[in-house]
Amino acid sequence: MASAVLPSGSLCAAAAAAAAAPPGLRLRLRLLLLLLSAAALIPTGDGQNLITEDVTVVEGEVATISCRVKNSDDSVIQLLNPNRQTIYFRDFRPLKDSRFQLVNFSNSELRVSLTNVSISDEGRYFCQLYTDPPQEIYTTITVLVPPRNLMIDIQKDTAVEGEEIEVNCTAMASKPATTIRWFKGNKELTGKSEVEEWSDMYTVTSQLMLTVGKEDDGVPVICLVDHPAVKDMQTQRYLEVQYKPQVHIQLTYPPQGLTREGDTLELTCEVIGKPQPVMVNWVRLDDDLPQHAVVSGSNLLINNLNKTDNGTYRCEASNIVGTAHSDYTLYVYDSRAGEDNSIRAVDHAVIGGVVAVVVFAMLCLLIILGRYFARHKGTYFTHEAKGADDAADADTAIINAEGGQNNSEEKKEYFI
């Protein structure tokens, strides 16, 4: 339904004026003509609803603004910028900013794209619908700005084991503020962050206090950015930790570890450290090294061992961090010590074998005897005199007993 009707002569006059106007004024008159045409027939707003959504976009990318009409009846749609300047009136763009481009225009939708979005484009954009009464809603464009730069700084390029060092990471000029996470290798650590705001942009600095050990040498410290505008943004620095030597004495010869008179002993001093020790020192505690001992680099060689060589031998190493050592105790056995031990071992083996054979033989004999007695049972006979109990005197009892032997009953007894 129309709420106002303009004479057709007025529209024609406006069109003629727009055609004859200078180029600078022609665009404005054309827009006015469109407005007059739209105002010539303004439908009521009954049953029509404007719909739009907020837009979040990363700086430099494309934002799409959509003004949609539910239950449209051919009402005019226009889009305005935050300064309420008309970007599009139907499918016409009065605004000279060519970054705005028409994506779709119909009776039910006006969709516009904005390329190369910058932080200055952020704000409210208005969708208007020419109805009676007019309708207006707004959509908000939020621009995300990733950090301009990510820097990590370590207080000391080289640290000493046990020392506490300070590590800082700075994420500059982001929107919104960046969250900084710390990792040492694969282990996440906790830092302390400070946020500075300047002209709607944020700079975040995070501080990490770290006590280092020798196991941290060569391990990366990672500063990782958590921000909706960027993924996998990180920087790292490798720790360099100096530590005192670690010393270990390795017995090279004899391989079996038993040192006897006349044998040769060879020890190797294994040393690691940072910086690497340039030399090691061999000493014997409470005494001098034997005169026939030879030191060659990290090796100690003693030929023709004897009991006077017994003692504790120490390998010492040092660097700028500290000094460390390892000890080896030497005991020289008699030249026959190994043979006597071998003979004793053989004797014990022989005795053990003999005892085992004897025990086995006795067990076998007991089993055989048991089975033999179980299978053979013995019998014997006894004769009891009858009538002896009733005899008047001893002579009669003897006579009765002798006579009763012939009639005696056979009795069996068994034994095992």
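Q: What is the relative accessible area of aspartate 327?
A: The model is predicted: local features need pLDDT of at least 70, side-chain atom pairs count only at pLDDT 80 or more, and totals for chains, interfaces and linings use all residues. Residues are numbered from 1 along each chain as its sequence is written, and side-chain values use heavy atoms, with hydrogens and water left out. A residue is buried under 20% relative accessible area, exposed over 50% and partly exposed in between (1.4 Å probe, protein chains only). Aspartate 327 falls in the partly exposed class, because its relative accessible area is 36%.

Q: Which residue meets aspartate 327 in a salt bridge?
A: A salt bridge is a side-chain nitrogen of Lys or Arg within 4 Å of a carboxyl oxygen of Asp or Glu. The side chain of aspartate 327 takes part in one, with 2.7 Å from N to O, and its partner is arginine 314. The pair links distant parts of the chain, 13 residues apart, with aspartate 327 in strand 25 (residues 323-330) and arginine 314 in strand 24.

Q: How many salt bridges does a search of the whole structure find?
A: Side chains of opposite charge can pair when their charged atoms come close. A search of the whole structure puts the number of salt bridges at 16.

Q: Where in the chain does aspartate 217 lie?
A: The side chain of aspartate 217 meets that of lysine 274 in a salt bridge of 2.8 Å, N to O. The two are 57 residues apart and link distant parts of the chain: lysine 274 is in strand 20, while aspartate 217 is in the loop between strand 16 (201-211) and strand 17. Helices (H or I, at least four residues) and strands (E, at least two) are DSSP runs, numbered from the N terminus. The place of aspartate 217 is thus the loop between strand 16 and strand 17.

Q: Which residue stands opposite histidine 248 in strand 20?
A: Two strands pair if DSSP finds at least two bridges between them. Strand 19 (residues 241-253) and strand 20 (residues 265-274) run antiparallel and are joined by 8 bridges. In strand 20, the residue opposite histidine 248 is glutamate 270.

Q: Which strands stand at the edges of the open sheet?
A: The open sheet has 5 strands with mixed pairing, in the order 11-19-20-23-22. Each edge strand has a single partner strand, so one side of each is left without a neighbour in the sheet; these are strand 11 (159-160) and strand 22 (293-296).

Q: Which cysteine does a disulfide join to cysteine 269?
A: A disulfide is a covalent bond between the sulfur atoms of two cysteines. Here the term covers a pair of cysteine sulfur atoms within 2.5 Å. Cysteine 269 has its sulfur 1.8 Å from that of cysteine 315. Cysteine 269 is in strand 20, so the pair ties together parts 46 residues apart in sequence, the other end being in strand 24 (residues 311-318) at cysteine 315.

Q: What is the torsion about the S-S bond of cysteine 169 and cysteine 223?
A: The sulfur atoms of cysteine 169 and cysteine 223 are 1.8 Å apart, in a disulfide. Both cysteine 169 and cysteine 223 are buried. Their disulfide is left-handed, because the torsion is about -80°.

Q: Which strand holds cysteine 67?
A: A disulfide joins cysteine 67 to cysteine 127, with 1.8 Å from S to S. At -70° about the S-S bond, the link is left-handed. Cysteine 127 is in strand 8 and 60 residues away from cysteine 67, which lies in strand 3 (residues 63-70).

Q: What pattern do the disulfides of the protein chain follow?
A: A search of the whole structure finds 3 disulfides. With bonded cysteines counted along the chain, the pattern is 1-2, 3-4, 5-6.

Q: At what angle are the ring planes of phenylalanine 126 and tyrosine 138?
A: Rings of Phe, Tyr and Trp (its six-membered ring) pair if their centres lie within 6.5 Å; planes under 30 degrees apart count as stacked, over 60 as edge-to-face and the rest as tilted. There are 3 aromatic pairs in the structure. The centres of phenylalanine 126 and tyrosine 138 are 6.4 Å apart, and the pair is edge-to-face because the planes are at 65°.

Q: Which residue has its charged end over the ring of phenylalanine 126?
A: A charge sits over a ring if NZ of Lys or CZ of Arg is within 6 Å of the ring centre and within 35 degrees of the ring normal. The ring of tyrosine 138 has arginine 124 over its face, at 4.0 Å from the ring centre. For phenylalanine 126, the charged end is 4.3 Å from the ring centre and belongs to arginine 84.
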